[in-house]
Amino acid sequence: MAAPLRIKRQLPFGPWLFAAPGLLVTGAFVLYPFGSTLANSFTDRRTLVPGHFVGLANFRELLHDEMFWTGLRNSVLYILGVVPALVVLPLLLALLVRKNIPGITFFRSVFYTPVVASIVVVGLIWVWLLDERGLVNSLLESVGIGRIGFLSDQWLLLLSAMAVTVWKGLGYYMIIYMAALANVPRELHEAAAVDGAGPVRRFLSVTVPAVRSTMVLVAALSSVAAFKVFSEVYLMAGPSGGPAGEDTTLVMLVQRTGTGLTGRVGYACALSVVVFAVTVVLMLLVLRADRREES
Amino acid sequence: MPMSRRALAAAVVALVLPLSACGSGGDDGGTTDASGKVEGDITFQTWNLRANFKSYFEDLIAGFEHKYPGTHVKWVDQPAEGYADKLGADAAGGTLPDVVNVSPDLVAPLARAGLVLDLDKAAAKYRPEYLDAAWSSHRVPGMNGTYAFPWYLNTGPLFYNKALFTKAGLDPDQPPRTYDELFTDALRMAEKSDGKVATLANVPTIEDFGRYGVPLMNEQGTGFAFNDPKGVELLTKYKALYDAKALDPQALTATGESSGKKFLTGAVAMNPGSALDLGNFKKNAPGLYRNIGITDQITSTGHVNMYVMGVMVNSRTRHTPAAVAFAHFVTDARNQMSFAKKVAIFPSTAGSLDDPYFTKEDGTDETRVRIAAAKSLKNAVNYTPVLFSEQMKTALRNEVAKALQGKESPQEALDNAVKAADRLLQQG
Amino acid sequence: MSVLEKVRPGRPATAVAREPRVTDEHGRRVRAGELVWRYLLLLAVLALTVGPFLWQLSTSLKGPTEDIYGSPPRFLPGHPTLHNYARVADTIPVWDYALNSLKVAAANVVTNCAGSALAGYALARLRYRGRRVTTLVFVLAMLVPVEGIVIAQFTTMRELGLNNTLIGVVLPGAIGAMNVLLMRNAFRNLPYEIEEAAYVDGANVWQRFLRVALPSVKGTLAVVAIFAFMGAWDDFLWPLIVLSDPSKFTLTIGLNYLHGTFANDERLVAAGTVIAVAPLIALFACLQRYFFRGVGEGAVKG
């Protein structure tokens with residue numbers, strides 16, 4: 001980036017200089033490592049043992065790996081559980097904080113705090129809340145429901161982790177919706193109100209169509225994030241992924257197989273390549289759905 | 001195209017290459033000859049010891065630097081969690097410290113990768129200073145050397161809650177000693193408390209199989225064997241405990257910390273721990289502290305499990321003499337003894353366990369426990385197979401969980417675990 | 001990417017408490033009944049979002065003699081004490097760690113704002129061959145699962161001789177692909193006319209960028225800054241791997257250390273989490289006005 005002030009507007013490599021720092025960092029620390037991950041996925045490399053080329057053996061093994069299918073199931077379940085909630089609830093929240101009633105800026109900022117907090121902190125907080133002796137169970141017991149083992153049952157664990165993801169994501173997607181709602185022309189609402197449409201009908205016939213493309217965007221972002229979920233489940237279900245590893249997600253499996261002194265780096269790389277491929281496909285699917293709707 | 005992608009790529013390469021060349025230049029330094037002058041800067045890495053023993057290690061290092069002028073020891077301490085991951089990343093990246101606190105199962109993969117100095121070659125003269133069993137605990141099957149100085153030994157006390165024992169009509173002064181006694185007491189505890197108080201918080205680990213008398217590996221050491229009838233028997237009994245809630249329902253997801261918490265809150269009657277826990281009980285659960293009972297590990301073989309810590313020397317250290325001297329210094333009789341007086345661990349040096357500190361009663365509970373532990377240590381066994389990796393532990397744990405949940409029979413579960421472990425062993 | 005369409009600036013979100021009547025964003029009056037249920041709902045969500053933090057704060061203020069497991073739970077500490085915070089500081093050098101976190105986060109803010117503004121501008125406004133490819137590079141980079149490439153990143157960093165340095169902590173996230181795309185969208189949403197005038201005046205590309213385009217996307221820049229700060233402050237996995245020297249630890253690593261060593265001590269861990277999260281909440285509270293303005297510019301779209 002030497003002396004950018006001298007760049008004349010015709011100078012041909014000007015654009016490259018602008019993009020260079022970004023490309024350099026992305027190239028060196030994301031794409032290059034990903035390239036070597038891709039290369040390693042065809043080897044039997046281990047943490048301390050250099051690998052040999054094994055062709056597609058890792059990918060073939062994957063198909064027979066029970067844990068892989070468990071991981072895939074959980075990652076897909078995670079999408080199904082989290083995405084609808086993250087598409088709808090933040091929209092409702094955005095509508096709620098939209099009206100400029102006194103104190104609303106306070107509420108908006110506060111609703112955003114879970115997004116600001118580190119996932120490690122959030123994990124610690126929720127593990128403590130959902131502990132068998134934690135606040136939630138104390139409350140449940142005092143109203144006579146009794147204690148529930150949120151952190152010991154395979155499905156409750158997954159549900160709890162999903163709840164945390166939704167809790168932490170609400171504010172983030174609320175903001176996206178607020179930006180979109182700012183564009184809904186108010187004449188539309190007023191016309192609908194004159195027509196005697198109630199709030200529910202106004203929501204369905206005016207608001208939803210107007211922010212549809214944003215809903216698609218939120219669905220895309222949240223499903224990619226949900227498919228790659230790691231921290232929430234790791235922190236709540238523990239490194240081995242809940243009872244009998246039944247709560248393992250794909251990225252957790254990558255982490256577990258590939259790290260440590262005896263990690264199977266080659267196999268873990270093959271798993272990451274699959275995660276990446278599925279993510280790209282997910283993104284493309286959502287974008288296509290979006291394009292179809294627009295046309 | 002004014003500036004091609006190729007040119008850009010070339011620029012990146014030009015930037016990266018010289019640096020990487022000088023980065024990997026450090027790899028070939030280091031010799032196995034420890035006889036030179038003890039000098040230079042070395043790094044010493046411990047495993048979760050800073051929080052409680054900061055001053056001990058600072059004094060230790062000052063002592064070494066004083067004894068050998070011209071040396072400088074940098075001490076780093078890593079958190080308990082993820083220690084193997086950290087070692088793996090450092091070893092693969094060539095940034096392993098010079099002197100590293102390890103356990104036998106951690107040293108094995110490092111030694112196989114040629115990253116550990118063979119002490120039978122480099123430091124054989126120190127061998128007589130240590131207990132024979134301790135010295136040989138850092139041997140790796142299939143290799144010819146010894147790869148770490150033995151450091152402290154521990155049997156790990158088993159804590160139990162006397163109040164809960166009394167409530168269940170059990171004699172608080174007669175805690176279970178064998179697995180059969182444990183199973184009887186645990187079922188009774190569950191029955192009397194209506195399933196509210198479990199006796200155990202953890203699923204059986206490989207060490208439990210060992211102490212139950214299950215052969216863990218075949219005689220040649222080439223494959224695992226804990227799926228034999230004895231192993232199936234142990235798992236079947238654990239399943240009965242689980243069904244009766246004598247094994248905590250959350251045991252399947254328990255971690256060391258969560259089971260500790262359960263013991264602290266009186267949901268679980270027994271929990272293995274370390275001497276550090278006593279202070280924690282005193283502070284966080286004074287009620288429990290008054291009722292705390294301490295006993296030896298449950299074992300049906302007459303041998304308790306001994307955890308061995310070691311101190312290895314990186315074979316690529318630039319200052320082999322200093323690194324070896326320091327590793328020896330940390331583990332020598334005098335320093336192990338003073339460490340033992342700080343916390344309830346036991347020295348691995350020859351003769352240290354005959355010190356009055358470990359043999360003479362002075363009437364306090366603490367001393368009584370210490371003496372009992374030192375005695376049981378004399379015929380303790382390190383049941384953890386050196387080649388039992390993290391991935392194998394996960395495989396066993398998951399299969400055990402399936403058996404407890406009734407998704408598989410104990411036989412199937414152990415067969416699967418052995419199969420998975422054998423496969424990993426062959427790949428390793 | 002058709003979802004990255006243009007968004008009009010939102011209306012400034014100012015409270016209207018001084019006005020005689022409560023009105024909505026269109027200046028219409030809000031009925032009292034509606035107002036009541038709106039506040040009820042807001043308070044319910046408030047309880048859900050800050051409740052967990054407050055419970056953590058309350059736990060951290062409870063002394064050693066107070067029961068923290070009781071049922072029904074006691075929300076307020078009987079004898080509030082800062083003792084647990086002092087213990088955190090005794091156990092880990094929490095202020096050094098906070099300083100390290102601050103350095104990393106500050107550097108991350110600077111590099112991300114500068115780098116992604118430059119790259120975003122090139123992608124949105126400059127014409128050159130390979131622009132689509134460059135865009136694709138950033139989109140793909142966004143999709144790469146970080147957990148899967150962490151070891152490869154570490155090896156790269158080690159080859160550069162930057163492992164165990166704070167620079168090594170910052171570098172991989174120094175110019176986030178997501179931020180580049182955010183800036184690209186922000187620049188794309190600017191009307192061309194603004195720059196055309198400057199172009200006619202003979203301003204070169206750098207001058208147009210610095211004097212015309214950049215000031216118009218301050219809001220998005222604020223969003224990028226907050227994201228960058230949060231990202232660096234909150235990051236856990238990467239610093240854990242790249243740092244080995246405890247004197248260089250960041251706060252999240254220190255927190256994990258604390259949790260690993262004193263897991264049974266809920267009060268201590270709670271105090272640690274409060275220390276980790278409080279600066280962020282404070283920072284966000286200070287910057288939230290710019291942040292929401294950036295949001296109004298459509299910054300988060302995409």
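Predicted model: local features only at pLDDT ≥ 70, side-chain atom pairs only at ≥ 80, totals over all residues.
In chain A, the two helices to look at are H4, covering residues 104–116, and H7, covering residues 154–181. Their axes come within 7 Å and cross at roughly 120 degrees. Angles from 65 to 115 degrees count as roughly perpendicular and those over 145 as roughly antiparallel, with the rest in this range taken as oblique; H4(A) and H7(A) are therefore oblique to each other. As for handedness, H4(A) passes H7(A) in a left-handed crossing. On the H4(A) side, the contact is made by Phe111(A), Tyr112(A), Pro114(A) and Val115(A). H7(A) brings Trp167(A), Lys168(A), Leu170(A), Gly171(A), Tyr172(A), Met174(A) and Ile175(A) to the contact.

Over in chain B, 3 strands form an open sheet in the order E6-E5-E7, and the pairing is antiparallel. Strand E6 (270–272) and strand E7 (292–295) of chain B are the edge strands, each pairing on one side only. From one strand to the next, the twist averages 25 degrees. Strand E5 of chain B, residues 158–161, is joined to E6(B) by 3 bridges, and the two run antiparallel. Across this pair, Tyr160(B) stands opposite Met270(B) in E6(B).

Technical notes. Residues numbered from 1 in each chain as written. Chains lettered and ligands numbered in written order. Axes fitted to C-alpha atoms, helices over the stretch in contact; angles between N-to-C directions. Helix = DSSP H or I, 4+ residues; strand = E, 2+ residues; numbered from the N terminus. Parallel < 35°, antiparallel > 145°, perpendicular 65-115°, else oblique. Left-handed = near helix turned anticlockwise from the far one by under 90°. Contact = placed C-beta atoms within 7 Å. Pairing = 2+ DSSP bridges.
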